[in-house]
Amino acid sequence: MGTSILDDNCWMNLLRKFRSMADSIGTGNALLYAASRMLDRSFGGRVRIVKYLITAQPVAALATQLPSGSGAFTLAFIGPDSPLFAEVERPSQVIAARYAQGARCLAATTPESRLAGFLWYVAGAYDEDEVRARFVPLPTGEAAWDFDVTILPRYRMGRLFGYLWRRAASELASAGIKHTLSRISAFNAMSMSAHRRLGARTVGQSIFLCLGSCQVMMSTLSPRWHVSWRDDQRPVVAVAA
């Protein structure tokens, strides 16, 4: 009897969590997320599902509507050898690959010189490091690709997100960039909400099914289907702003 009650309570808690997730990211995305978690645990991380929403947002709005200044933080572009990277869980080879593509990292630090947040962007094609894919923002010379926008938990309730984006947008605008595009996880309600507040609109979506070394991509953008087994077989996904 006690086991039955425990099982019932467990299922009720799972159902409540699922309903809450479905309310925030949609039933379809919630089902995909649940399936991905189950596969990840069952196959020791060798099988997973990744779904991205591809978004575009106007740089001009970011550069004028967000709060100016930096508050108590210092905003500066950092290089690949910055000691600040030791404060976050990013493999050194990933950091090196990003800079090799021409990406820039705008970091925010506290008065104590501790990392508070950062934002990456590249004015050209970007090789994603979570799945095998090369995203190409278009039109060339007028669109950039932003990624890995991170605010450390203790600073998420303040204005740092806006400070970072305002500074990055100003740099992009001065380089003639009119739109910045990005991919956000369809399973991350907080990220989806933050991008919408910045005026982002969804221009496509892609689902990746990763089965060991095999990857299957299904996308609303060209190419709509792609299968690969090696890193040099990345699908090239053109994303027009």
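# Strands, sheets and a buried lysine

Visitor: Which residues is Lys51 in contact with, leaving aside its neighbours within four places in sequence?
Guide: Lys51 is in contact with Asn29, Leu32, Ile184, Ser185, Ala186, Phe187, Gln205, Ser206 and Ile207. This is a predicted model. Lys51 itself is found in strand S1, residues 47-58.

Visitor: How do you know that Lys51 has no salt bridge?
Guide: A salt bridge needs a side-chain nitrogen of Lys or Arg within 4 Å of a carboxyl oxygen of Asp or Glu. For Lys51, the nearest side chain of opposite charge is Glu130, 14 Å away. That is beyond the cut-off of 4 Å, so no salt bridge is counted for Lys51. Yet Lys51 is buried.

Visitor: What makes the pair of Lys51 and Gln205 a polar contact?
Guide: The cut-off is 3.5 Å between N or O atoms, one able to donate a hydrogen and the other to accept it. The two side chains of Lys51 and Gln205 come to 3.1 Å. That is within 3.5 Å, so the pair counts.

Visitor: How do you know that S1 is mostly covered?
Guide: Count its residues. In S1, 10 of the 12 are buried. Buried means under 20% relative accessible area.

Visitor: What makes S1 and S8 a pair?
Guide: Two strands pair if there are at least two bridges between them. S1 and strand S8, residues 179-185, have seven bridges, so they pair. Their sense is antiparallel. In S8, Arg183 is the bridge partner of Ile54, and Ile184 is that of Leu53.

Visitor: How do you know that S1 and S9 pair?
Guide: Apply the rule again. There are 10 bridges between S1 and S9, and at least two are needed, so these strands pair. They run antiparallel.

Visitor: What holds paired strands together in general?
Guide: Strands of a sheet pair through backbone hydrogen bonds, either parallel or antiparallel.

Visitor: Why are S2 and S11 said to stand at the edges?
Guide: Start with the order of this open sheet of nine strands: S2-S3-S4-S7-S8-S1-S9-S10-S11, with mixed pairing. Strand S2 (74-78) and strand S11 (225-228) each have a single partner strand, so one side of each is left without a neighbour in the sheet. From one strand to the next, the twist averages 25 degrees.

Visitor: Which helix packs on the sheet and touches S1?
Guide: Helix H2, residues 27-42, does. H2 also touches strand S9 (201-211), and its direction makes about 140 degrees with that of S1. Helix H4, residues 92-100, lies across S2, S3, S4 and S7, running at about 45 degrees to S4.

Visitor: What makes S9 and S10 a pair?
Guide: Six bridges join S9 to S10, and the rule asks for at least two, so they pair. They run antiparallel. Phe208 has Met217 in S10 as its bridge partner. Their hairpin has two residues between the strands, and Gly212 takes a positive phi near 65 degrees there. S10 and S11 also form a hairpin, with five residues between them. S10 and S11 are joined by four bridges in the antiparallel sense.

Visitor: Why is Ile177 called buried?
Guide: Its relative accessible area is 6%. The limit for buried is under 20%, so Ile177 qualifies. Ile177 is found in the loop between helix H5 (160-174) and S8. Its contacts include Val59, Ala123 and Leu172.

Visitor: Why is Val236 called partly exposed?
Guide: Val236 has a relative accessible area of 47%. Buried needs under 20% and exposed needs over 50%, so Val236 falls in between. Val236 is found in strand S12, residues 236-240. Val236 touches Arg134, Val136, Ser222 and Pro223, not counting residues up to four places away in sequence.

Visitor: What makes S5 and S12 edge strands?
Guide: S12 belongs to an open sheet of three strands, in the order S5-S6-S12, with mixed pairing. S5 (126-127) and S12 each pair on one side only, and that makes them edge strands. S5 is joined to strand S6 (134-138) by two bridges, which meets the rule of at least two. Tyr126 stands opposite Phe135 in S6.

Key
Residues numbered from 1 in each chain as written. Predicted model: local features only at pLDDT ≥ 70, side-chain atom pairs only at ≥ 80, totals over all residues. Heavy atoms only, no water. Buried < 20%, exposed > 50% of the residue type's maximum accessible area, 1.4 Å probe, protein only. Contact = heavy atoms within 4.5 Å. Lys, Arg positive; Asp, Glu negative; His and termini not counted. Axes fitted to C-alpha atoms, helices over the stretch in contact; angles between N-to-C directions.
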